[in-house]
Amino acid sequence: MSRHARALEQLNIPTVAGAGSNIVAYATGYDFLYSNGMPIRYVGFPFPVAGQPKEVHHRYVFEGTDQVSGKAIMQAIIDALTRPLAEKEKISGDPPEAKPEPRLLPPDTEENLQRLFKEKDWTDYLPITLPTEARVAAMLKGTSRKPDEIVKTINWPGGARPLTVEKAAVCAVMAGARPEYFPLLLALANEVPFGNSTTSMANMILVNGPVRNQLKMNSGGNAMGPHNEVNATVGRTFTLLSKTVGGLHANVTTWSSLGSNLQYNNLCIAENEEELPEGWDPFHVQMGHKRTDSVVSVGTGWSYISSVGEVQRSYAAQLLIRDYMRALSGQGGATIVMDPTVAALLKDTQGFKTKTELSQWLAQNVEKTVASFFGNGVIATFAGSLALQGLEPYATWMKAPPETLIKPFNVKNINVVVVGGKIQTTWFVTDFRLGRGVLIDSWR
Amino acid sequence: MVLEMQEGRIKVKIKGLWACSLLVLGALAFAGHMPAQSGNADKITVLNPAAASKMAKRAPLCPRLSSLEGKTLYLVDINWGGPDAAYSVYEEMKDWFAKNIPSLKVVIKRKRGPYSQDDPELWKEIAQNGHAAMVGISG
């Protein structure tokens, strides 16, 4: 929003921005310093705005106060547009040099350093392995890349922080990873930071190809639980990179209302390619990679729903998957994570010869009412604005009677991933939308 | 060892030599849980995981209006929270301005696309026809 205000200010239109007090704190703090550079005047609206009845909006305007200044909200708006500028609001030009971050921290005891890392919010508040020079040097032996090579520059949410190979090694050590995991971690570093939204997003990390077995990742029984060193530390490294180099800190740069417990490990799994039914391609092959490629794919989403029990003869698996998918927002896509036994049942008893056939069936059969679809705030914000712009199919959907059934999922965005130990015919539906993936071998 | 409260003070009775030994052992154990002292031998050097952030180039605000009397104010809904969020608040604000600054013309507009999408055409319209603007309302 600060960018819209900035665009208007640059056209000589005095502008005030309105937001909840959390957004105001972010916009006038981190975003101003590291991204926007213009000291936009904000008023802090009472919260929430969305979902409130008209009489509450009336009260906000006629009786509400600016959550920042404490003034009557309308007086605060008038002041923001008419109060002469302070000297600090007239500053232009280059900012002061960024405060450098030293490569080494001052020597201290292990206990004090563990405390420092927590005070700086560089950890997930579980104990870390301290990144001594020797440990980081050992980690760097896992790649031929130079320590000062920049994997990517992280510019969300502003700040243009260079994520170097050495910084990745530091976080890998902190997470407890081993040097042989490092090429996978460098590929994963291309996808840092984790999903960052007031809506409490999370991520899924999926590994495909020969690297799974070379590293002994768990794609079988208990693959999604805390039972494997690689799955655990790879997922954790993603979080630590996001918090350190990514600069994501609660109430400074991230403002998730509830947050997500999935961010401790980011659902880090490997596909059980060996147990895929014949004709069902591994995910990375569906994305255009070779079967012999090792690939890590990251998805962003929110939700994770279990089938709970085993598949019943009286109600085929795809029917219950369809039912549970109706609970998802329909924003972005879905990833169905299923045990190999479910995949085998779907192929052998239900006739889905490929993953794509299952995705097509789900896209055709998962229906939601228009009211339920637009009743989700993320949908209302994104698809709703496209509907108001006249873009189809959203424009037609928005005009339809509330109980009209629509098919909100696109076949291209319904992924199927096979994971598990053939212990029970269970599955999860999730709304994670996986990306195409990053090749791992080029980071060796 | 027995601790007793006596006239507001703690009185310590030590029963037997074995208790003295326990006292010494307890003290040693306690010391083991204290932060390490500052001897250089206990100190280690570690790498800094943080990376420096570049600050943004500064840009000034434009001059403010002397008042809103007789001016045109655009209220721009950036589409955060759906069609019934900011737009509904803006309708109330328009009512408030009509009662309190009747000479102010208020125009409510929805920005094109999701909240992060730029809308240069609307900014141009506001620059041509307006004197001030509000953008919002994000939660």
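I started with helix H8 (residues 182–189) and helix H10 (residues 229–243) of chain A, whose axes come within 10 Å and cross at roughly 40°. This is a predicted model, which I keep in mind throughout.

Which residues meet here? From H8(A) I listed Leu184(A), Leu185(A), Leu188(A) and Ala189(A); from H10(A), I listed Val234(A), Thr237(A), Phe238(A) and Leu241(A).

Next I went to Leu215(A), which lies in helix H9 (residues 211–215) of chain A. Is Leu215(A) buried or exposed? The cut-off for buried is 20 or more other C-beta atoms within 10 Å; Leu215(A) has 21, so I put it down as buried. Leaving aside neighbours within four places in sequence, I find Leu215(A) in contact with Glu180(A), Tyr181(A), Leu184(A) and Val230(A). Leu184(A) is also one of the H8(A) residues that meet H10(A). I checked Arg178(A) as well: it is 37 residues from Leu215(A) along the chain, and their C-alpha atoms are separated by 9.8 Å.

Lys216(A) sits in the loop between H9 and H10 of chain A. I noted its positive phi of about 65°, although Lys216(A) is not a glycine. With 12 C-beta neighbours inside 10 Å, Lys216(A) counts as exposed.

**Another positive phi**

Lys422(A) is in the loop between strand E13 (414–418) and strand E14 (427–430) of chain A. I read a positive phi near 60° for this non-glycine residue. Lys422(A) has 14 C-beta neighbours inside 10 Å, so I call it partly exposed.

I traced an open sheet of five strands in the order E2(A)-E1(A)-E6(B)-E4(B)-E5(B), with parallel pairing. Which strands stand at the edges? I find strand E2 (41–45) of chain A and strand E5 (105–110) of chain B there; each has a single partner strand, so one side of each is left without a neighbour in the sheet. On average, neighbouring strands are turned by 20° against each other, direction ignored.

On the chain B side, I counted six bridges joining strand E4 (residues 72–77) to E5(B), running parallel. Leu75(B) has Ile108(B) as its bridge partner in E5(B). Two chain A helices pack on the sheet. Helix H1 (residues 2–9) touches strand E1 (15–20) of chain A and strand E6 (132–138) of chain B, and its direction makes about 170° with that of E1(A). Helix H4 (residues 73–82) touches E1 and E2 of chain A and E6 of chain B, making about 170° with the direction of E2(A).

**Cis peptides**

I logged a cis bond between Gly136(B) and Ile137(B), omega about 0°. Ile137(B) belongs to strand E6 of chain B. Another cis bond joins Trp156(A) and Pro157(A), with omega about 5°; Pro157(A) is in the loop between strand E4 (150–154) and strand E5 (161–164) of chain A.

**A–B interface**

Last, I looked at the contact between the chains: 96 residues of chain A are in contact with 59 residues of chain B. Helix H16 (residues 377–388) gives the most to chain A's side, with eight residues. That side divides into 54 nonpolar, 26 polar and 16 charged residues. I also found strand E3 (residues 108–109) of chain A paired antiparallel with strand E3 (residues 43–44) of chain B over two bridges, with Thr109(A) partnering Lys43(B).

Definitions and conventions:
Residues are numbered from 1 along each chain as its sequence is written. Chains are lettered from A and ligands numbered from 1 in the order in which they are written. This is a predicted model: local features need pLDDT of at least 70, side-chain atom pairs count only at pLDDT 80 or more; totals for chains, interfaces and linings use all residues. Two residues are in contact if their C-beta atoms, placed from the backbone, lie within 7 Å. Helices (H or I, at least four residues) and strands (E, at least two) are DSSP runs, numbered from the N terminus. Ala, Val, Leu, Ile, Met, Phe, Trp, Tyr, Cys and Pro count as nonpolar, Asp, Glu, Lys and Arg as charged, and the others, Gly among them, as polar. Two strands pair if DSSP finds at least two bridges between them. Axes are lines fitted to C-alpha atoms, for helices over the stretch in contact, and angles run from 0 to 180 degrees between N-to-C directions.
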